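Work through the following exercises with the sequence and the model side by side. Each task is followed by a solution that goes step by step.

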Amino acid sequence: MALLLGLVSSAALQAASSPEEITAPAPLRATPERIQPPPTGVQQLWDLDLRRWPEERFYENVTAQVDLLSRSHGAESVAVMLDTAEIYLGQMMVFEAGSILDAAVPEGPAQARRLRALQDARHLLEGVPVMDFEGSPLAEFGREDRAFWAAMQAIATADAPLLTANLEPGLLGLMHQTRPVARTVLPVLTEAMIESGAHAMAAQALRLMDEFPGLSEGSVGLYLRGRAEEVQRNEAAALTAYFKASKGWDRFAARARLALAEMALADGGRGAILAAKDVLEYGADSWKGDHLEIATLQSLAEVYEANNDSVDALTTLGMIMLRFPTSAAAKEAELEAAGALAEVYRQGEAGELPMSRWLAVHYQLVPAFRYYDQFPDYVERVGDFLLAQGGTTMAAKEYQRAIDLRKDLVLHYPDKADAAQDFRLQFKLATAFAKGGQYQDAKALLMAMDVPEDQKKRNDVNALRSDVMARLGDKDGLLRTHVQAPSAQNLRNVGLALWKNQDWDEARIFFDRLWAEYPGQFDVDDATYLLIAAHRSGDIAAAQRVVAAFPNLTESAGLMRVAQSLLAPPAELMPLTRQAAEERMNSLDQSLDNLKNSGL
């Protein structure tokens, strides 16, 4: 082990730090030259040697290769492409190397072998396992860094025996890699040592990280130190390292925050829970889009629940569903959130929560659950509750919110379309507008609605339209709106519109119908309009029925005199005498006085 430490920490790192001292580096070539094979029995990195190209001359190397490529063809151009890919791999520019390798078509077995070695290295540096690793040029026993690539293969495939056999020699293999590759891979190997229980080797690898500025004291180095201490049950030292690492913004900082949360939940103490809550909230937006974000949200929900912040926990579950709708984590979150959501809205409707508190919780939940297909139902229930309490404006906002949520949901998930629910929400919104005096808004919505064929629903819409038209004084719109089963108010509105149009006979019919169908809602005003309409249309029998019923409809003596004066027969016109004319004038004056005194 001492030999390992000495070799790696001195010779390997010194070579990696000083590329110009590498033994016999390939010179920068102005013209393509064929690389000569190694002497028999000498171990070298032939098919792949990332240190073949000095790191500090990266720009010159790439520029030269581009120039060579423009002047070469056939096998020579393929060789240039492979050299260029090797240069990129040495800089850990794996994507760029891959794009070149995918385009290369080897000519002959030697180029095919080298292409295979470069492709396999590319995949292993990406963390992707290599198919048939034993057949790869990287796995040949003559390669000095064979164990390094075998360790990378073991990590990519989670092959514990292969990892155990190659960890120590794999760390030695770092001396054959460039500094950018070593900087990237060393933390991977170090973590593998920690998790496999190779504590002594892990400690040496951690000391080796000190050779890389920024790596050892960055989030990655601090996290790995914390993990090394944690697996050896040195919790105080682990917490210290994790807290330092958690201040960063990369994936290892995110992992440090998760580790702190896990330790706090295991501890269960209020101080530990509050500390974990602060740490997770601090870094909640620092890492997005993969399993680490999911794990962070899940841990945050657990910490909130442990701290009795049930609403925050519920909101966090909603964020998992919103951010990762097709994941298994989203399905788990939905199952966990369903019962809690139902309970929150049940408590609000039952008055077990103060309205202000319930609405505050509701508004907090809206962003997180916007794509939850059942959430518009909860929003609608809030609107129903507010409307029943007389909060027409607030109810209208909730109905509109539910409509908007439905539109957004269907836009992303067309299979969740529900025409019946959409109609119901629009009708409730129009009702809230009408009850709140927003008649123009109600009219616009009612006229634009797609009304289903269901006769009851059509009748409900027409009844509301009729009422809104009456409120707006739109007599033509009112009279054109047919209600199959009109309410008392609808009959009254139509009768009054006809009365104002002086359609006396039609007005009499509607007020008479109101009296017949809704006797309990037929009042003295309705009777007065009916009486006048009957009088103007010449229906004496109808007028007499109204007068006969007046004692039961009103206690106003003035109204009684109006009714009686309207039924009093006029004086004879013929023969034309002064007395007859005076009697007719006196009768008219009396009727006008009675109307004036009654306030009609």
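**Exercise 1: a loop residue**

Asp-132 sits in the loop that runs between helix H5 (109–126) and helix H6 (146–157), where helices are DSSP runs of H or I with at least four residues, numbered from the N terminus. The model is a predicted one, in which local features need pLDDT of at least 70 and side-chain atom pairs count only at pLDDT 80 or more, while totals for chains, interfaces and linings use all residues. Residues are numbered from 1 along each chain as its sequence is written, and side-chain values use heavy atoms, with hydrogens and water left out.

Task: is Asp-132 buried or exposed?

Solution: Begin with the cut-offs, by which buried means under 20% relative accessible area, exposed over 50%, and partly exposed in between (1.4 Å probe, protein chains only). With a relative accessible area of 53%, Asp-132 is therefore exposed. Then look at the backbone, where phi of Asp-132 is near 55°, a positive value in a residue other than glycine.

**Exercise 2: salt bridges**

Task: find the side chain that Arg-116 meets in a salt bridge, and state where both residues lie.

Solution: A salt bridge requires a side-chain nitrogen of Lys or Arg within 4 Å of a carboxyl oxygen of Asp or Glu. Arg-116 meets Asp-120 in this way, at 2.7 Å from N to O. Both residues belong to helix H5 and are 4 residues apart, about one turn of the helix. Asp-120 is buried because its relative accessible area is 4%, whereas Arg-116, at 26%, is partly exposed.

Task: which residue forms a salt bridge with Lys-416?

Solution: The partner is Asp-373, with the closest N and O atoms 3.2 Å apart. Lys-416 lies in the loop between helix H19 (392–412) and helix H20 (419–435), and Asp-373 in the loop between H17 and H18, so this pair ties together parts that are 43 residues apart in sequence.

**Exercise 3: an aromatic pair**

Task: how are the rings of Trp-358 and Phe-385 arranged?

Solution: Rings of Phe, Tyr and Trp (its six-membered ring) pair if their centres lie within 6.5 Å, and planes under 30 degrees apart count as stacked, over 60 as edge-to-face and the rest as tilted. Trp-358 and Phe-385 are edge-to-face, at 5.2 Å centre to centre and with 85° between the planes. The pair links distant parts of the chain, since Trp-358 is in helix H17 (residues 355–365) and Phe-385 in helix H18 (residues 375–388), 27 residues apart. Both Trp-358 and Phe-385 are buried.

Key:
Helix = DSSP H or I, 4+ residues; strand = E, 2+ residues; numbered from the N terminus.
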